[in-house]
Amino acid sequence: MAAGYLGLGSNVGDRRAALEAAVAALPRHGVEVLASSSVYETEPVGEVLDQRDFLNACLRVSTALGPEELLAAVKALERELGREPGGVRHGPRPIDVDLLLLGDREYTSERLSLPHREVTARRFVLVPLLELDRELALREGAALRDALARLGPGQDVRRAGPPSL
């Protein structure tokens with residue numbers, strides 16, 4: 001079993017219900033949820049900025065799945081919850097589940113990079129991750145709290161609810 005972290009996001013429909021549905025479905029996909037961050041409302045970032053704000057949270061999980069198997073599991077979960085494959089990059093979506101970290105594993109394939117390529121550049125990821133573990137660091141020792149401190153202005157992240165996922 002490996003400990004890992006997933007990022008959740010939703011900006012279509014009942015955003016909170018989508019996050020809760022993802023958490024409830026993860027055990028059926030071989031992923032045990034150990035802890036949830038608070039829920040945060042965040043402005044869109046990336047290629048499509050003219051869209052509804054997201055609700056985001058991070059989860060600490062445990063799984064026996066390897067990186068590619070875990071990616072396949074979260075993509076299947078997204079489809080179950082109404083996310084169509086493809087679509088506009090960074091566009092609106094009912095659910096987004098990102099594999100952020102899987103232990104201290106470094107892994108790269110055509111479909112996946114661990115740690116996630118954007119983990120140190122996105123405030124909406126770092127704030128909930130650090131809520132789960134203030135001492136979280138990447139394999140080479142880079143503390144994620146230092147990455148958060150280095151981020152410039154922007155990427156407004158507002159607490160929108162308790163960690164009751």
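Which residues does V45 touch, not counting residues up to four places away in sequence? They are H90, R122, F124 and Q155, with contact taken as heavy atoms within 4.5 Å. The legends below describe a predicted model, in which local features need pLDDT of at least 70 and side-chain atom pairs count only at pLDDT 80 or more, while totals for chains, interfaces and linings use all residues. Residues are numbered from 1 along each chain as its sequence is written, and side-chain values use heavy atoms, with hydrogens and water left out.

View 1. V45 is placed in the loop between β3 (39-42) and β4, where helices (H or I, at least four residues) and strands (E, at least two) are DSSP runs, numbered from the N terminus. Although V45 and Q155 are 110 residues apart in sequence, their C-alpha atoms are 7.3 Å apart in space. R122, one of the residues that V45 touches, lies in the loop between β7 (113-114) and α3. With a relative accessible area of 15%, R122 is buried, a class that means under 20% relative accessible area, as against over 50% for exposed and partly exposed in between (1.4 Å probe, protein chains only). Leaving aside neighbours within four places in sequence, R122 is in contact with V45, H90, L151 and Q155.

**View 2. Strand β1 and its two partners.** Seven of the nine residues of β1 are buried, so this strand is largely enclosed by the rest of the structure. β1 pairs with β4 in the antiparallel sense over nine bridges, and β1 also pairs with β5 in the antiparallel sense, over six bridges; two strands are said to pair if DSSP finds at least two bridges between them. G9 can be followed in both pairings, its bridge partner being N56 in β4 and D96 in β5.

**View 3. Strand β3 between β8 and β4.** Four bridges join β3 to β8 (157-161), and these two strands run antiparallel. T42 has V157 as its bridge partner in β8. Three bridges join β3 to β4, again in the antiparallel sense, and here Y40 stands opposite N56 in β4.

**View 4. The largest nonpolar core and the helix α1.** A nonpolar core is a set of buried Ala, Val, Leu, Ile, Met, Phe, Trp, Tyr and Cys residues joined through side-chain atoms within 4.5 Å. Of the 23 residues in the largest one, L6, L8, L26, V74 and V97 touch the most other members. β1, α1 (15-25), β4, α2 and β5 each supply at least two residues of this core, and the largest share, five residues, comes from α1. A second, separate core of 19 residues includes Y5, L144, A147 and L148. Not counting residues up to four places away in sequence, V74 touches L6, L26 and V97. The buried residues of α1, including L19, A22 and V23, pack against β1, β2 (31-36), β3, β4, α2 and β8.

**View 5. L102 in strand β5.** L102 is found in strand β5 and, at 3% relative accessibility, counts as buried. Apart from residues up to four places away in sequence, L102 touches A2, A3, G4, T63, L65, G66, P67, L70 and L114. The C-alpha atoms of L102 and R158, which are 56 residues apart along the chain, are separated by 26 Å.

**View 6. The largest pocket.** About 1200 Å³ of space lies in the largest pocket. On a 1 Å grid over the protein atoms alone, a pocket is an open set of points where a 1.4 Å probe fits, with protein on both sides within 12 Å along at least five of seven lines, and lining residues have an atom within 4 Å of a point. Grid points are joined across faces, edges and corners, and the volume is the space filled by probe spheres set on the points. Of the 45 residues that line this pocket, the closest to its centre are K75, R83, R89, D96 and D98. The elements that give two or more residues to the lining are β1 (2-10), β4 (54-63), α2 (67-80), β5 (96-102) and α3 (123-132), and β5 gives the most, with five residues. The lining divides into 19 nonpolar, 11 polar and 15 charged residues, where Ala, Val, Leu, Ile, Met, Phe, Trp, Tyr, Cys and Pro count as nonpolar, Asp, Glu, Lys and Arg as charged, and the others, Gly among them, as polar.
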